[in-house]
Each structure stands twice: as C-alpha cells, then as structure tokens.
Amino acid sequence: MGDELSLESTPETKPTVLSVVNEDICVGCGACVAATRGKVPISFLSAGYYQADLSDASADDLATASSVCPFANESKNEDELGHDRFAGAEHDEGIGFYRSLYAGRITDTEEIPGSSSGGSTTWLLTELLKRDLIDAIIHVSEGESRLFEYTISMTVEEVRRARKSKYHPATMDAALNTVRESGLRYAIVGVPCVIRAARLVADQDGQIERSLRFYVGIVCGHLKSAAYAESFAWQLGISPSELDAVDFRIKDPALTSRQYRFGAKARGSAEWTEAQTLSLVGGSWGHAVFQLNACDYCDDVFAETADVVFGDAWLPKYEIDWRGTNLIVTRDPKIDEIVREGIQAGDLDLDVITPEAATRSQAGNFRHRREGLAVRLADAKAEGRWVPHKRVSPGYEHVTPARVELIRMRQRLSRASHAAFADAKRIGSLDVYLQAIGPLITAYNNLTKMSFSTRVRNKAKRESWKVLNKSRAVFTAKSGGDSEPQTYVILTGVSGNLGDAVIRRQVLEWCRGSGRIHAYVGNTSDGWQEELGLKEGEYVYSAAERRQWLRGLVVGRGRRLLVFDPGEVPLGRAHLRSEIVFLGVVALVRLRRGKVVRPPRAVGDSHPATHGLYRLSSRLSNVVLWRDRPSKESIGVGELVPDTAFGLSTQAGVGEGARRLVVVSLRGKRPIPGAEWFEGLTKFAARNGFRIVTCSQVDEDEQRALELADRFGDDADYLPWGSRRDIEQEVYVRELYERAALVVSDRLHALILASKSGAIPAEVVEKPVPKVATHFSTIGYEETSLDSSGRSPEEIAGFLQRQMNRSDELSEKLNHAQSRVNEIMTNAVK
C-alpha cells in the first residue's frame with residue numbers, strides 16, 4: 001500500500017518505529033518529526049496519506065522517534081499516560097478515566113446547522129479562549145497545499161470557521177514546532193493516536209509541555225486517506241485534479257443525524273454539489289474504504305489520554321435528531337467545571353449518561369478495536385508479521401468463525417480500496433475503482449445483513465424516539481417555553497425510620513439550586529416533615545394534594561426536573577398501578593424536554609409486570625442510579641453508585657482512644673440471636689474494655705433493643721427512644737455513634753451512619769440477607785457481614801476484632817464514596 005519502502009523487517013531489539021513504518025502502520029502524525037527537530041522528515045505518499053521517512057535517521061533519532069510514536073512499543077500506552085494525569089477520576093475499561101459523561105448539544109439554534117454533531121467541541125474551544133485559559137488552538141482546518149491540514153486559530157471567529165469533521169490526513173509537526181518557538185498557551189485537538197503522540201512529545205520537551213495546556217480528543221472510527229474525499233467528489237462529477245473543497249457532514253432537517261450529506265466544490269466554481277453520503281459507494285463507515293492500515297492496530301476509542309473527548313452519541317434516542325448529539329467525556333477538573341457551568345448557564349443541553357451507554361454509542365467501534373483487533377493480531381502473528389504491543393490479546397476464541405471471516409473481509413476491502421483508486425486515478429476513470437470495489441462491498445453487505453426481526457426492532461426504536469421528540473417539541477411550545485425551572489421531588493416515607501429520613505433529606509439538599517422545590521411527602525406526620533428539613537419557600541404536598549402536585553409537574557411553564565425518592569423500590573403486584581402512573585408521568589416530563597432522575601435505589605419484592613414497567617420507565621429517564629449490583633443487573637439500565645447516605649458529611653466524633661462503646665441495634669422482626677452470639681459480643685467488649693449499649697434507629701425495633709439488653713444482663717445498657725421526637729432521636733443516635741468504637745446492626749443505614757461518624761460497622765446475625773454486604777461492596781468495602789449461625793463465641797469475637805483493624809481502609813473507601821455519589825447527583829440534578 002503506498003510508495004515502496006526500502007526498510008527491511010527489523011528484530012524487536014532495534015527501535016520498533018522501523019517496524020511501524022515497514023509494516024505500513026505509521027499514521028503520519030508527525031510526532032517523530034517534532035521530537036527529532038526535523039531529523040526524521042515526513043512525506044505525503046501517492047496513496048494519499050503521510051508517512052515518516054527513516055532512511056537517513058541515526059540510531060539516536062530512531063530511539064527518539066520510537067519513544068513518541070503511538071504505535072511503537074517503546075512509547076507509553078494509554079493506561080500509563082492516563083494514570084500519570086487523571087488520578088482520582090473514575091475508570092472504565094472501554095472509556096478510560098472519566099469525571100463526567102454526557103450526551104447533548106449546544107442550545108444556540110443558529111449555530112447547530114453549521115456543526116457536524118452537537119456543536120459542543122467548538123463551544124468548549126471558544127470558552128477556553130474567552131476565559132483567557134489559552135491563546136490559540138491547534139486543529140485541522142482548510143489547508144493551502146492540501147484540502148486540510150493542522151493550523152493554528154487565535155480568535156473565536158477563526159475557530160468557528162474551522163469547525164466540522166475533517167475525514168482527511170493531517171500532520172502536526174509544523175504546528176508543534178510553532179508551539180515550541182512561540183511560548184504561547186495552546187489547546188490541541190486530535191483523534192486518539194494524535195493526542196497520545198502529542199502527550200509523548202510534550203513529556204520530552206519542556207517548552208511544548210508548558211505550552212500545551214489542554215488536549216481535546218475526538219472519538220475516531222478510523223482515519224481516512226485523501227482518496228476518501230476524492231472518491232466521493234468524483235462520484236459527484238468533480239475529478240481529483242479539479243477538487244477545491246469538501247464538506248463531509250451537511251445536515252438535513254428532514255432526516256436523521258446519521259443521514260448527513262457530502263458536498264464538494266470544483267476549482268473556480270462557487271457551486272456546491274451534494275449527495276447523501278450513504279448513497280455514495282463507500283459511504284457506509286463500516287466498509288472501511290481508504291482506512292489507514294494503522295487503524296487496524298489501534299485499541300483507543302475514547303482518546304484516553306485527552307482532557308476531554310467529543311464524539312457522536314449513536315444511540316436510538318439521539319440519532320433520530322437531525323441536529324446531532326455530542327457524546328462528551330470529561331477528565332480534566334477545569335474542563336469538567338467549564339462544562340458544568342455551561343449547563344447551568346443554559347449554553348449546553350446535556351443528559352448525564354452511564355459508562356454503559358457511552359460504550360454502547362460506539363458499539364461498532366469497540367467491535368473493531370477489541371474483538372476485531374484480537375483477530376488481526378492473531379492473523380499477523382500466524383503469518384510472522386510484526387505487530388505493535390496492544391492492550392488486547394491476540395486470539396479467535398471470543399468470536400464465531402463467521403465473525404472472523406467478516407473481520408478479515410473488512411480488512412481486505414479496505415486494502416483493495418487504496419489499490420483500486422490508485423489505478424482509477426492513473427487511468428483517469430472512476431469506473432475502474434467502482435467496478436473493483438463494488439463486488440467486495442456487496443459481499444461484505446451480505447455478511448453483515450441483519451435479520452428481519454433485528455431490523456424491525458431497530459426501526460421501532462428509532463420511530464418511537466421520533467414520535468417522542470416531535471411530541472416533546474409541540475408540548476414545549478404549547479406550554480409557553482422556558483421560564484423559572486421547577487423541581488418536583490418525591491420524599492414519601494414513614495415516621496420513625498431515621499435512615500429513610502436521612503437519605504431523603506440528602507436528596508432534597510442535592511436538589512436545592514436546581515429550581516423551585518415542590519416536595520410530595522404523601523400521607524406522613526409532622527415529625528417526618530420536620531426530619532426532612534424543608535425550608536420556607538419550598539412547596540409541600542400531602543397525599544390529599546397529589547393531583548395538584550402531578551398537574552404542576554406536567555403542565556405549565558418552565559423546565560421540569562422530576563426526582564424520585566431514594567432507597568428500596570417495591571415492585572410487587574400491589575405496586576403495578578403506581579408504576580403505570582409513573583410511566584405516564586415520566587413520558588410527559590420527557591415530552592416537555594424535562595429531566596427525570598432516579599437517585600440510588602434498590603429493587604425490593606418484584607412481580608414480572610411491575611418489573612417490566614419499571615424497566616421501561618427507567619429507559620425513558622435521564623439518570624438511573626443503583627446502590628447495589630443485583631438491582632442494576634435486574635433492571636438492565638443505569639449506573640452503579642454508592643448509597644445516598646454515603647454522600648453525608650463525615651463527623652469526626654471523639655478520638656479513637658476515647659471511643660469506648662459497642663452499639664447494638666437489631667431489627668425487631670427477625671429472630672433474636674442465640675447464646676453464642678451474646679457470649680461472643682460480651683467477650684469482644686471485655687477484651688477491649690468496651691461497654692455494650694443497645695438502642696434503635698427505627699421505632700419498630702425498640703422492643704428488640706430492650707430484649708437484647710435484658711439478655712446481655714449486667715454487660716449492657718439499654719438506651720430507650722422514650723419521648724424524643726424523630727429529629728431528636730436522630731441527633732441522639734448519631735452522637736452515640738460518634739462515641740462508639742463499633743456498631744453491630746443488620747440495619748443498612750445504621751451501619752452507614754455509624755461509619756460516617758467514625759465507628760466500625762459490622763453485621764453479625766444468623767442468616768443475614770445480602771443487603772448490607774452488597775451495599776458496602778458497592779464502595780469496595782468487603783467482608784462487613786458474618787453469618788453467626790453455628791459460630792462459636794470465639795469465632796464471633798475474632799471477627800469483630802479483625803474489623804477493628806480496618807479503620808484506615810474504611811476511611812479511604814468512605815471518602816471516595818462520598819466524593820463519587822455527591823459528584824454524580826449534583827451533576828444529575830443540574
């Protein structure tokens with residue numbers, strides 16, 4: 001493929017950049033040119049892409065080139081570079097590190113038609129300039145010697161002129177040389193391999209490192225040679241020699257975002273010729289025509305070394321919108337802050353999405369760079385060809401034989417496109433290319449043809465979202481447009497359950513600032529409302545005012561935010577009617593462009609019909625959070641996060657040496673423990689000089705607290721709830737936890753509140769249900785529970801003693817959980 005190279009295959013002991021070029025895996029990024037200060041030049045091959053020229057490179061130059069080449073084995077990979085820069089962020093195997101994940105677009109309707117997708121990339125770049133965080137932007141724009149090349153923009157207007165996708169090769173060496181010499185502050189925009197290469201160059205060059213302030217990544221399906229644009233233009237009647245300009249993504253308001261158009265203009269003409277991209281030969285991205293060979297050996301989808309990443313949200317609910325929808329992954333704290341401020345200011349209309357949704361939006365890309373890459377690596381090794389080290393293991397066992405053949409055919413199709421188009425240009429006839437590539441595309445399409453049922457299902461999804469979006473636009477227009485945002489939050493619960501009140505109060509606190517509060521508390525007592533801490537100016541609705549609350553939610557002006565209550569959600573047969581109502585309410589809120597947030601929840605009892613309705617309603621929601629893995633897997637939608645109570649502030653309490661209490665609080669509806677249990681706790685307390693006290697955090701457990709104290713005898717004290725109001729009991733119990741060394745309970749929120757007050761949590765009961773263990777497992781804190789059935793007093797005492805040695809581990813897990821759930825929920829309700 002391309003011009004012949006005189007380089008021989010080299011052993012692994014030599015700089016692997018030689019093998020990168022020799023095997024045609026060079027992507028032409030220009031990093032080696034910049035790092036060697038021009039001693040390794042780069043040239044534009046007749047095949048229509050850039051490649052490094054190593055023919056006169058010295059041993060030192062080759063070593064330097066290998067250290068910055070994104071496909072050489074000597075350079076740091078994405079994981080190594082990410083760990084160096086994004087410590088503290090969440091990590092996902094497919095996405096890499098991330099702080100926030102979004103799907104959406106800018107709100108400026110005049111700018112949307114001129115963008116490739118949702119316009120968010122250009123918005124961020126201009127924000128960086130406006131905030132004086134950078135002086136200039138390095139990105140691909142219209143070139144002088146080529147259709148497109150890396151250029152430097154220093155004004156907002158220059159950035160706007162350079163927007164939109166450029167499916168064309170470009171090299172950044174000249175731009176990096178300018179960076180080194182100018183001393184200005186830059187943001188650089190590029191596909192994954194280019195961003196990684198720029199990071200590698202900056203690691204070796206102090207001036208470039210100081211000047212490159214932000215790295216902005218673009219999700220990449222694969223890179224194209226110059227022939228991609230030329231072949232499309234030629235099909236429109238403009239030959240390669242006449243081609244002056246192209247536009248790869250022209251939006252059509254009558255079609256979906258996938259059905260964009262290609263436009264081309266001949267030299268000396270002001271007229272643009274257009275056609276729908278998918279109608280052109282090679283217009284399907286899956287055909288991989290003119291793909292660079294390097295892209296067959298890349299495993300980075302989300303530009304994992306970039307500070308922020310933009311792509312297309314190819315999900316049914318978004319792709320039917322002609323305006324385009326950005327997928328956004330933030331990693332740098334400052335950029336994350338800028339995006340959040342953009343949401344708050346109304347410049348960006350973004351949904352919070354889960355890692356699973358982000359990955360699903362690039363499903364084809366992941367198939368190519370995971371299972372496809374494994375097959376290509378295995379094929380190359382079987383043929384004795386050199387391939388770069390990747391984070392994917394070579395092999396065939398993960399795919400069917402039919403899939404292996406498809407992967408190989410795609411590779412053959414890609415390689416054939418380069419040769420066929422070169423022949424067509426040499427002869428001067430487009431038919432040479434079309435006749436050669438047509439049969440290969442037909443064969444590939446036959447292999448990838450979806451079953452009738454799959455096509456029907458995908459069509460139904462798209463049409464459903466079309467109807468929803470159209471109805472939403474009409475509904476919003478009729479409701480009078482935007483005014484003050486209104487937040488409708490469900491805070492129902494039962495008086496006498498301190499844990500339920502605490503997590504609902506925390507959700508209410510997260511909601512404050514998102515809009516005027518309308519809290520539905522249902523049929524509850526004054527004590528419950530006192531526990532919630534509702535403030536003056538926040539509207540409260542009882543069960544008798546339910547219709548009024550619902551009417552306000554779905555009718556009237558202003559954007560609506562619906563926030564469900566946290567905790568366990570019952571999905572039994574008795575709750576079928578409620579879920580039918582909520583399904584309709586959620587659909588209406590989404591119709592009027594409102595937002596639906598489900599804080600950390602867990603599935604309780606379940607009936608198939610109710611369960612199915614809840615799953616459907618969840619799919620319509622913007623944010624769905626689960627506090628335990630079984631619930632998340634049961635519904636199949638949403639993200640796993642710590643329980644709401646983990647978001648509470650940590651209370652220091654008394655010092656470790658002054659903590660002399662063991663607090664015991666057990667459920668009243670479960671059998672009372674056996675004699676071994678009491679003896680085990682008594683032994684543990686005596687050995688450590690602790691005093692056992694019993695109390696309750698739920699009023700129905702009060703009798704059990706008294707019974708426990710009686711069974712302990714002189715070894716324990718009973719602390720009655722007495723006449724204290726709920727809020728007073730909460731203060732009393734939490735102050736007790738602040739003086740406790742250990743809290744033994746089978747109540748989840750008793751243990752979480754205890755741990756947030758500095759005490760060690762432990763569940764020691766006979767046949768414990770999985771609830772406590774699974775919820776603490778969510779924050780990475782394992783072995784919290786012990787089934788005391790058949791355990792000796794010594795085994796029980798030993799388990800508790802081991803828990804006492806875990807305070808540092810617990811503190812680390814709690815801090816991380818608090819930060820994570822607060823960040824996710826604060827972001828979700830904006």
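**Aromatic pairs, salt bridges and a charged patch**

Reader: How many aromatic pairs does a search of the whole structure find?
Author: In this predicted model, the search for aromatic pairs covers the whole structure. The count of aromatic pairs that it finds is 26.

Reader: Is the pair of Phe44 and Tyr50 stacked, tilted or edge-to-face?
Author: The ring centres of Phe44 and Tyr50 lie 4.9 Å apart, and their planes stand at 70 degrees. Planes over 60 degrees apart count as edge-to-face, so the pair of Phe44 and Tyr50 is edge-to-face.

Reader: Of these two, is Tyr50 buried or exposed?
Author: Phe44 has a relative accessible area of 23% and is partly exposed. The relative accessibility of Tyr50 is 10%, and since buried means under 20%, Tyr50 counts as buried.

Reader: How many residues apart in sequence are the parts that Phe248 and Phe262 tie together?
Author: The rings of Phe248 and Phe262 form a tilted pair, with centres 5.8 Å apart and planes at 55 degrees, and both residues are buried. Phe248 belongs to strand β10 (residues 243-250) and Phe262 to strand β11 (residues 261-266), so the pair links parts whose separation in sequence is 14 residues.

Reader: Which helix holds Arg820, the salt-bridge partner of Glu90?
Author: Glu90 and Arg820 form a salt bridge in which the closest N and O atoms are 3.2 Å apart. Both partners are buried, Glu90 at 19% relative accessibility and Arg820 with a relative accessible area of 13%. Glu90 lies in strand β3 (residues 90-92), so the pair ties together parts 730 residues apart in sequence, and the helix that holds Arg820 (residues 807-828) is α30.

Reader: Which helix gives the largest share of the positive patch?
Author: The patch of positive charge on the surface gathers Arg546, Arg547, Arg551 and Arg577. Arg547, exposed with a relative accessible area of 70%, is found in helix α20. The largest share of the patch, three residues, comes from the helix that spans residues 546-554, helix α20.

Methods: Residues numbered from 1 in each chain as written. Predicted model: local features only at pLDDT ≥ 70, side-chain atom pairs only at ≥ 80, totals over all residues. Heavy atoms only, no water. Patch = residues over 30% accessible without salt bridge, like charges linked within 9 Å, V, L, I, M, F, W, Y side chains within 5 Å. Areas by Shrake-Rupley, 256 points an atom, 1.4 Å probe, with all protein chains shown as cover. Salt bridge = Lys/Arg side-chain N within 4 Å of Asp/Glu carboxyl O. Lys, Arg positive; Asp, Glu negative; His and termini not counted. Charge placed at Lys NZ, Arg CZ, Asp CG, Glu CD. Helix = DSSP H or I, 4+ residues; strand = E, 2+ residues; numbered from the N terminus. Buried < 20%, exposed > 50% of the residue type's maximum accessible area, 1.4 Å probe, protein only. Phe/Tyr/Trp six-rings, centres within 6.5 Å; stacked < 30°, edge-to-face > 60°.
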